[in-house]
Amino acid sequence: MRVPLSWLSEFIELKKSPEEIAEILTLSGHEVEEIFDLYKRLGEIVTVKILEVYSPEDLKEVVLCKVTDGRDTFTVLTSAKDQVKPGLCVALAKPGSYTFSHQKVEVKEVKNYRSEGMFLSPFEAGISEEKHALLTFPKDVPLGRSIYEILNLEEPVLEIAITPNRGDLLSLYGVARELNLITGWELKTFTFDKALLEGEPFSGEIKILEEEGCFRYLGRIFRGVKVSESPFFIIKRLFLCGLRPINNIVDITNYVLLEVGQPLHAFDWKKISGKQILIRRAKPGEKLLMLDGVERIFTEKDLVIADAEKALVLAGIMGGEESGVKENTEEVFLEAAWFNPKWIRLSSQRHRLSTESSYRFERKVDPEGIPLAALRATELILKIATPTGFSQLVDLYPRPYKRPLIKITPKKFAKILGFEIQKDFIIETLKKLGDLQIENETFKLIPFSYRQDLEIPEDLVEEVARLYGYDQIPDTFPIAELKAKAPTLEIKTERKIKELLKGFGLFEVITYSFIHPEILEKLNLSKEDERLKVLEIENPIASHLSVMRTTLIPSLLEVAKFNATREVEDLAIFEIGKVFFPEKELAKEKVHLGILLKGEKKLLPWEGYKRKYDLFDLKGILEELFSALKLEVEFRPFSTEPFLKRGFSYDLYLSGIKIGLAGAIKNFILERLDLKRPVFIAEVNLSEIYNLLKEKKKPLKIHKPPKFPSTFRDISFLLDKEIPFSEILSYVNSLEIPYFEKLELLALYEGPPIPETKKSITLRFWFRSEERTLQDEEVNTLQDEIAKKIFEYFKAIPR
Amino acid sequence: MKPEELEALKERALKELSSAKNLADLEALRVKYLGKKGEITQALKSLKDLPLEEKKTVGAKLNELKEILEEFYKEKKNSLLLEEEDREEGIDLTLPGRKPERGALHPLTQTIEEICEIFTRLGFEVVTGPEVESDHYNFTALNIPEWHPARDMQATFYLKNGALLRTHTSPMQIRAMLERTPPLRIIAPGKVYRCDADVRHSPMFHQVEGLMIDDKTSFSDLKGILSFFAREIFGEKTKVRFRPSYFPFTEPSVEMDISCVICDGKGCRVCSQTGWLEILGAGMVHPEVLKAVNYDISKWQGFAFGLGVERIAMIKFGIDDIRLFFDNHLNFLESFK
Ligand SMILES: [Zn+2]
């Protein structure tokens, strides 16, 4: 909320500088986000001297002036042709600046004549009501200087973030009252003169038909008002607070809203059918063209102010176009009410319409302060719109506000704060918050009606602590049981995976949980694929962030693309994040690991050795990862995933359950995404792994230092290209070879001079006995036997 | 051989050995004195012509001399070898090393880990929770009913199935309290979502929630723990300041500022000239929240806090645009190796 200090000082004597006041407010819980001088914020408005004045024949209404700011010269078109003359010093608003009435100043061209700014009247400069004369300066005024500096004018404004519980601070008077509470500076109260007169009998009828929606309603009629432009002080203050002036009656309602925080509404009484003001629920489908030019359709949940025929106002939020006060209005009905904050809030949300008025009603207005607002408005209307008469102030208050009684003991303060604030201070503070009674050791406080944020004892603890000063309360360490739980298996495993992958040279990425639905289509998924059954966001921030992801692959590809368009083609990244599937109530959330390898692997850069990532880089990373997690994951060749190249992919299985995929992305998909090939990707369902990890874990096999030496024999042969290595491995394991320790794939070769259908393989067999050193002869025999069996089984040719 | 001759031989041999310039010279001297035909060997051989008494005394002295020379020779040889090695020409030592590959964890992960580590030390248990939440856990149970204006503070993403994306990590307070019995201390990191985006806001960001419930945990304790946290993460000299604030789920409520790390509290653009940076919101758990999880409010009390991970990472690493975290450009990620 904007608080102009010049206005605030009408209600309280400000004994400190703007910066100090800001600090006081901030440290009391009302964060001052900014202190600015509204004049300075308008932009470059400077003193200039008119050098020459031209009246080109093709321009009728305006003349062209050549001016200088002491350094440069500009040309400015002005309609004040009778006033400008060479040598005159005036105020120039340069392009990019704003006039006081929020008009943006821009470079304009009229028939090839260029206007680089605008001469301001005192009104447009925000200095006085004078609109027709230009603001002028003495001949010797320094040129090119801010006019406000020259005139020694400033308008400091505080921008305060008022927390939602303190609706009572949404006004100048409210802020003054709070400053009085904090500092003790003297508060100035309102005094009334004619507004206190009784007035004529009310010539219409007001009825609250919905007491749940409207707790209090005050109204008064003014006859013979002159609707016109407001006096300058009102216009200026509205602008200072960011509001636009409309006419004197509407402006007075806004002025009082800013001043005391009570929203008011003014009706054209002659437009009110049957002279009846009815506060009722809207009829279903009831329509109203409102002041913002939008026609809205109401439901029974909306509260309206109606006349005998129709709805006139969406209560507490915005008025109707028809019944509003305009230039020709002669009789005004003024409303000051207290509506149910919940109703206003929900109505305002349903219609996506938040106004200065609804904002204050939602945050609770002061039920006992409403007459004050009505009187203040009356006073101003009498002074400014000079009505010929006014009615009595009707006040309907069927269920008066009952202030709560809050009981609290000094012990409670100490228990919550962990510190004893002197009883005197507590009592002094509570007295400033409401009516205090002390019985035995118990404080009984009935807070003032504007402090509706005070409901429970804890609220009073905060008030006392806050006014005592949070920094005056000591810092202590809690005394608690020396007991703590270890992180869960999920947390520990995730940390371990991240550390391992970091150690393998991968970079972790974090991407948005929402993705573009189209990217899933680009992955070529079949219609039945459960990854297409996405959770949609009702109100996405953009279409490319409109569904919850069901796989990490799109996100990783996006990162690859972002990098590729910014000169990074080589990438080794991973992400651990959630994917989401629809469920009845919330969502089925699973933690996934995604890995992407793309471009070249950098090895020994200064020896000039580089190569492209291949499938075995990805497989190796996964194998090492699973090995470290003590998981026996099976890499089943030929993934069934529609976006992976069949011959370069695996599905990953653990205990018979598919837990992931790994492979090269199909070329046509990469083309669709405009990514260079190849790209290798893996995705692993960690939630599934965590479940399996909880069930069983591969036991560690402990190797002791060998007592006897090992020995090896190599077997080389040619065999059919099609036979996979895994088959050889499982055949060898099935042979139950005595003293066999392990098998190594020593060499693998395809190409000339080997026949096209064959590949050459060299296997190294390691042997060892736990009891003795093996003899050459017996190992030779073993080698012969194995070779024979392999050659026979695979129809291999010895080399 | 007379004792004087023996003495002269020793002196000469030692002098020559010690002046050997290289291994070849040294070898020649070894042959000269200790070789098969060397002077010492010859002298030992000529002992046999001497009378027994003399043989004993001269023999002992000669053997002693032989040992001394052999020892001296060994030492000399070692030192010449060392000198030679030192003269060996090396390689271009300024070339970069052959590095094992090393990636990096995301700066936000690093920040979350650091925050959690501090609280884990204090016996807080790390918990996690769902990102898709119900209105009840995200708002109502936290004393933010449907009509509450505080809902304006958190622009919410709704899903078409009626659920929402949690707007803060606070629902984990509720879940943790329901799953446990007091006393308890938890710390809950995670992703949160709000529908706004600009240089300072991202539609997805991270928070860490903390909660301590006990029978006497007080506002002073809250101040103590959070001041400790600020000094742990931003350095021992960090000053902290507590300001009253408002959250529907805490009472009293506070916001904690730290002295600006950029300008050291003097005032700069980053801290809007105030010298302070706001880093977290906290407060004593509101009785309504305790009631929502059926805790006896006459017995249990405690504090809760929530902090923005991006905010802390931006302060710690001097980053001015939140979007950098989610662009994941490799150059950016490599900065955190
Ligand atoms: Zn600073």
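Helices (H or I, at least four residues) and strands (E, at least two) are DSSP runs, numbered from the N terminus. This is a predicted model, in which local features need pLDDT of at least 70 and side-chain atom pairs count only at pLDDT 80 or more, while totals for chains, interfaces and linings use all residues. Residues are numbered from 1 along each chain as its sequence is written, chains are lettered from A and ligands numbered from 1 in the order in which they are written, and side-chain values use heavy atoms, with hydrogens and water left out.

In chain A, the loop between E39 and strand E40 (758-767) holds A:Pro753. The peptide bond joining A:Pro752 to A:Pro753 is cis, with omega about 0°. Another cis bond runs from A:Arg677 to A:Pro678, with omega near -10°; A:Pro678 sits in the loop between helix H18 (667-673) and strand E37 (679-685). A:Glu567, in the loop between helix H16 (553-564) and strand E30 (571-582), is not a glycine, yet has a positive phi of about 70°. Most residues other than glycine have a negative phi, and most peptide bonds are trans.

Strand E39 also contains A:Leu745. With A:Phe725, A:Leu729 and A:Leu748, A:Leu745 forms a nonpolar surface patch of about 320 Å² accessible area together. Helix H20 (725-734) and strand E39 (740-749) each give two or more residues to this patch. Nonpolar side chains (Val, Leu, Ile, Met, Phe, Trp, Tyr) are joined within 5 Å, like charges within 9 Å.

Chain B carries a surface patch of negative charge made of B:Glu64, B:Glu67, B:Glu70, B:Glu71 and B:Glu75. Asp and Glu count as negative, and the charge of Glu is placed at CD. B:Glu75 belongs to helix H4 (residues 52-87).

Key: Patches are made of residues with over 30% relative accessible area and no salt bridge: like charges are joined within 9 Å, nonpolar side chains (Val, Leu, Ile, Met, Phe, Trp, Tyr) within 5 Å. Accessible areas come from the Shrake-Rupley method with a 1.4 Å probe; for residues, only the protein chains shown count as cover. A salt bridge is a side-chain nitrogen of Lys or Arg within 4 Å of a carboxyl oxygen of Asp or Glu.
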